[in-house]
2 protein chains.
Amino acid sequence: MHSIAPDGAIYPVPRIEEINADFVGIAQRARGWRVVVVQGLGFVGAAVAAVIAAARDAAGAPLYFVIGVDLPTPAAYWKIAKLNAGCAPIASPDAEFDRLVSEAVGQTQNLCATASEEAYALADFIMVDVHLDVVDRAVESAAEIQVNLAGLESAIRAVGRGMRADALVLVETTVPFGTCQRVIFPTLSEERAARGISAPVLLAHAYERVMPGPRYLASIRRFWRTFSGIDEASARRAREFLASFIDTSNFPLRELDDPVASEMAKILENSYRAANIAFIHEWTLLAERAGVNLWEVVDSIRVRKGTHDNMRYPGFGVGGYCLTKDSLLAQWSATHLFKMDHVLEVTMNALQINYRMPLHSFDLLSELCGGALEGRRILICGVSYLPDVADTRNSPTGIFVDALAAAGAHWSAHDPCLRFWPEQPDAVLVEDLAGALRETEAVVFAVPHAAYRALSPDHYPKPLLVVDANNVLDDTKAASLHGRGHRLLGVGKGHWKKRGYHS
Amino acid sequence: MHSIAPDGAIYPVPRIEEINADFVGIAQRARGWRVVVVQGLGFVGAAVAAVIAAARDAAGAPLYFVIGVDLPTPAAYWKIAKLNAGCAPIASPDAEFDRLVSEAVGQTQNLCATASEEAYALADFIMVDVHLDVVDRAVESAAEIQVNLAGLESAIRAVGRGMRADALVLVETTVPFGTCQRVIFPTLSEERAARGISAPVLLAHAYERVMPGPRYLASIRRFWRTFSGIDEASARRAREFLASFIDTSNFPLRELDDPVASEMAKILENSYRAANIAFIHEWTLLAERAGVNLWEVVDSIRVRKGTHDNMRYPGFGVGGYCLTKDSLLAQWSATHLFKMDHVLEVTMNALQINYRMPLHSFDLLSELCGGALEGRRILICGVSYLPDVADTRNSPTGIFVDALAAAGAHWSAHDPCLRFWPEQPDAVLVEDLAGALRETEAVVFAVPHAAYRALSPDHYPKPLLVVDANNVLDDTKAASLHGRGHRLLGVGKGHWKKRGYHS
């Protein structure tokens with residue numbers, strides 16, 4: 001059995017007996033340390049493990065021995081192997097991530113990873129950063145939302161089977177509100193009771209605001225953090241622990257009433273962002289038909305700091321792990337954990353609008369192509385969901401290319417940050433942008449990567465159909481391209497159409 | 001024929017012959033000045049007139065002679081009379097307003113008002129600040145929206161009949177996007193053509209962000225301003241004029257492509273605010289049922305400056321002239337001026353949610369009353385739509401008391417800022433709050449006026465049913481009131497219900 005990392009590296013997955021045998025060495029090394037176990041070495045957990053391993057006391061000595069735990073499966077084991085080799089398991093433009101992992105594994109030697117559940121027995125603190133997702137993001141109604149809690153429950157059972165009675169379990173995973181009190185607490189209690197532990201469970205929730213990009217680790221360490229405990233003792237332990245690795249002098253911790261409140265806060269926070277994006281989309285369509293440059297209009301409104309400066313620009317779509325699903329967790333919780341008939345109509349509607357948003361760029365492309373996409377050669381520029389970040393999770397480009405394929409178009413994709421598209425493993429990402437522009441009939445700029453913004457009109461080898469979904473082209477370039485025979489449409493760029501750039 | 005001001009002062013309305021005869025004196029005084037005519041002396045126009053009259057050149061001399069124009073009707077004439085008497089026609093906590101009007105009328109004598117249309121002939125600049133409203137705000141669909149442009153058209157015809165060929169017409173009224181180009185421009189052109197004027201119309205749009213309250217005048221003079229011209233000459237004139245009375249060194253002007261863009265910007269800006277309020281309302285209902293204190297949750301999220309710090313708190317409802325109607329202007333424009341089939345679903349839905357929002361407080365009150373409101377004595381605290389401001393335009397308290405009346409409750413209302421409720425002229429506003437609390441069975445705090453926030457539990461003469469719709473009571477006071485036998489529910493205060501404060 002092998003586990004293949006995104007960079008192509010192949011690692012054999014050991015048998016559990018080998019893993020447990022190897023763990024003896026880890027347990028020896030951990031002796032005398034305060035031990036933190038991070039459960040789940042994904043996008044959040046891997047970075048959190050690095051940050052906690054880098055925490056220092058006043059004298060400059062490491063505070064914790066950190067053990068990252070993930071599963072001995074083909075999908076997950078490579079993360080363990082990478083980390084034990086001193087490499088950050090997630091590729092990031094934040095060089096600090098690689099540096100901290102390398103230092104903690106190689107020099108201070110207070111960071112390692114394992115698939116052994118024996119790790120939990122060593123922990124003073126157990127951070128839960130496991131994966132929790134909805135089954136399908138493209139749902140039309142509250143009744144269709146499915147959340148599979150089996151993975152989380154299984155992870156929590158493993159913790160409960162192994163943990164010390166007095167360890168703090170700190171949940172960072174974004175969960176339906178109510179999960180800590182109604183799912184995790186009873187699961188832990190049950191497992192502990194089976195071991196004869198009657199001491200109260202110490203359980204807290206503290207959600208992450210970690211973001212990919214150059215401030216990946218800073219978004220954990222130097223940013224606002226909200227938490228809550230299931231009781232006062234849990235809250236106190238969580239506060240002390242969080243303060244030991246977060247810059248709380250500049251970002252004081254915010255404590256909420258109980259985990260329902262902090263679980264809801266996380267989901268509300270992301271739902272707000274998603275709703276603001278959906279709001280601007282219908283004005284995008286309006287502006288395009290009224291001949292208005294909505295980019296400039298939004299710019300003029302964003303001068304109002306504190307009330308309007310977060311107004312979203314028009315765009316191609318919404319991607320990422322959180323904004324595309326967190327609202328569904330809220331609705332699922334209302335329906336299933338709290339048995340309410342309440343429907344978050346605005347919030348749910350926003351998610352559906354955002355999901356379909358890339359199809360508007362598809363419509364613009366279709367308009368430029370005279371309605372006939374079958375057999376046309378289309379180049380998509382931008383596969384990640386953020387500019388200059390190699391993160392393809394729930395990228396709206398996926399929805400766009402699926403529509404292209406259904407229409408019978410021949411599409412290819414380019415992204416300066418990517419060689420491989422995990423969600424579309426059969427897609428070939430072209431590397432030679434200039435060559436691809438020569439081959440194609442139409443180009444769609446989905447993501448405002450710097451490489452695309454740097455293209456001058458001279459870089460286009462021949463007149464093309466151009467859809468600019470993310471303000472990659474300023475008006476000067478657009479006028480120049482149109483003058484050279486290109487035909488252009490842009491998301492939110494009604495003034496281009498008014499000026500006849502599409503014909 | 002008489003005109004009665006909100007403060008009860010009665011002014012006879014002169015005949016138009018007398019008005020025009022009096023105007024001879026104004027025309028004489030205006031000689032040698034650059035003249036600004038402000039058409040419409042309502043909430044915006046009256047303040048704009050005062051600000052422009054206070055504009056000074058580098059040597060400290062007034063820049064303009066300002067003539068405010070309104071109609072010789074019972075509804076409007078009192079504004080002219082007040083202004084000519086040196087009094088601000090709109091009551092405001094901003095003392096600067098009274099002072100500037102008094103100085104400009106009494107000392108520098110460069111501000112006056114008239115109902116004579118002859119004023120337009122003197123003007124270098126004509127600012128249009130007339131009233132434009134939808135017929136009904138409580139609409140369910142795009143097809144139901146009605147905008148009556150007759151008043152605006154009539155005002156513009158008066159301008160066109162009198163204006164000099166080279167005067168700039170600057171529209172500040174919030175209008176459906178497209179109105180300057182498709183309604184005002186042809187109307188002006190027609191009237192000018194009838195007078196043999198063939199010179200191009202100079203027409204610009206520059207929307208106000210004026211707000212009631214202590215920064216009333218500052219919100220005109222020291223705030224961001226967006227404008228656009230119907231052509232380059234108009235834009236240039238508008239830029240120079242606006243810069244002569246706005247602090248453009250701290251708040252540089254933003255010029256947009258054309259009036260469609262700036263008209264849309266104004267409406268979008270307010271629609272955004274309205275949508276954000278509607279968004280939080282459905283989370284308010286969720287939080288109440290899940291036992292969560294949403295006020296605290298929103299507080300914890302607003303620490304994220306620039307992305308989340310404008311998240312709205314829960315509340316009683318939305319009032320005012322703009323947020324309750326501007327979105328309807330957008331939809332009307334799309335349907336009627338641009339003949340689109342596009343429906344602003346998110347935006348329109350938000351307006352409907354906001355319109356119904358006070359009925360949630362009604363439901364909470366009903367719950368405390370055991371579902372039976374008939375014959376119950378209810379005191380509403382707060383009639384204006386903003387704390388500590390005497391502005392009742394489209395106050396959500398109006399919707400609330402209509403529901404109370406329909407349910408057969410006996411309601412009375414109190415507001416520390418008001419003696420009179422123009423939209424409910426038959427309502428008696430009680431002045432003795434302590435006495436009113438003795439008389440009532442239930443109190444609803446609709447507006448967080450300082451006077452209500454200052455009430456201590458000792459001020460309540462007997463146990464009451466209390467609905468706190470706007471965080472008037474903190475948790476300490478709520479606990480104390482509940483301990484003394486009051487029963488409480490609060491908008492967004494799920495934790496009160498969890499703690500049993502309602503029983």
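Tutor: Start with exposure: a residue is buried under 20% relative accessible area, exposed over 50%, and partly exposed in between, with a 1.4 Å probe and protein chains only. This is a predicted model: local features need pLDDT of at least 70, side-chain atom pairs count only at pLDDT 80 or more, and totals for chains, interfaces and linings use all residues. Residues are numbered from 1 along each chain as its sequence is written, chains are lettered from A and ligands numbered from 1 in the order in which they are written, and side-chain values use heavy atoms, with hydrogens and water left out.

Now the pairs. Over all chains, the whole structure holds 60 salt bridges (a side-chain nitrogen of Lys or Arg within 4 Å of a carboxyl oxygen of Asp or Glu). One of them joins the side chains of Glu255(A) and Arg239(A), at 3.3 Å from N to O. This pair links distant parts of the chain: Glu255(A) sits in strand β10 (residues 254–255) of chain A and Arg239(A) in helix α8 (residues 232–243) of chain A, 16 residues apart. Helices (H or I, at least four residues) and strands (E, at least two) are DSSP runs, numbered from the N terminus. Glu255(A) counts as partly exposed because its relative accessible area is 37%. Arg239(A) is partly exposed too, at 35%.

Turn to chain B. The side chains of Arg15(B) and Glu17(B) form a salt bridge, 3.3 Å from N to O. Arg15(B) has a relative accessible area of 53%, so this residue is exposed. Glu17(B), at 48%, is partly exposed.

Arg99(B) pairs with Glu103(B), and their closest N and O atoms are 3.2 Å apart. Both lie in helix α4 (residues 95–106) of chain B, and they are separated by about one helical turn because they are four residues apart. An α-helix has 3.6 residues a turn, so residues three or four places apart point the same way. Arg99(B) is partly exposed at 43%. Glu103(B) is partly exposed at 26%.

Chain A has a network. Salt bridges link Glu96(A), Arg99(A), Glu103(A) and Arg221(A).

Next, the interface. Here 62 residues of chain A are in contact with 62 residues of chain B (heavy atoms within 4.5 Å). The area buried between chain A and chain B is about 5800 Å², and carbon and sulfur atoms give 65% of that area. Buried area is the accessible area (1.4 Å probe) that two parts lose on being put together, summed over both. Leu268(A), Tyr272(A) and Trp283(A) supply 12% of the area that chain A buries against chain B, more than any other three residues.

Eight salt bridges cross the interface of chain A and chain B. One crossing pair is Glu269(B) with Arg304(A), whose side chains meet at 2.5 Å, N to O. The elements giving two or more residues to the side of chain A that touches chain B are α9 (259–290), α10 (294–301), α11 (326–337), α12 (345–356) and α18 (494–498) of chain A. The most comes from α9(A), with 21 residues. By class, that side of chain A has 34 nonpolar, twelve polar and 16 charged residues. Ala, Val, Leu, Ile, Met, Phe, Trp, Tyr, Cys and Pro count as nonpolar, Asp, Glu, Lys and Arg as charged, and the others, Gly among them, as polar.
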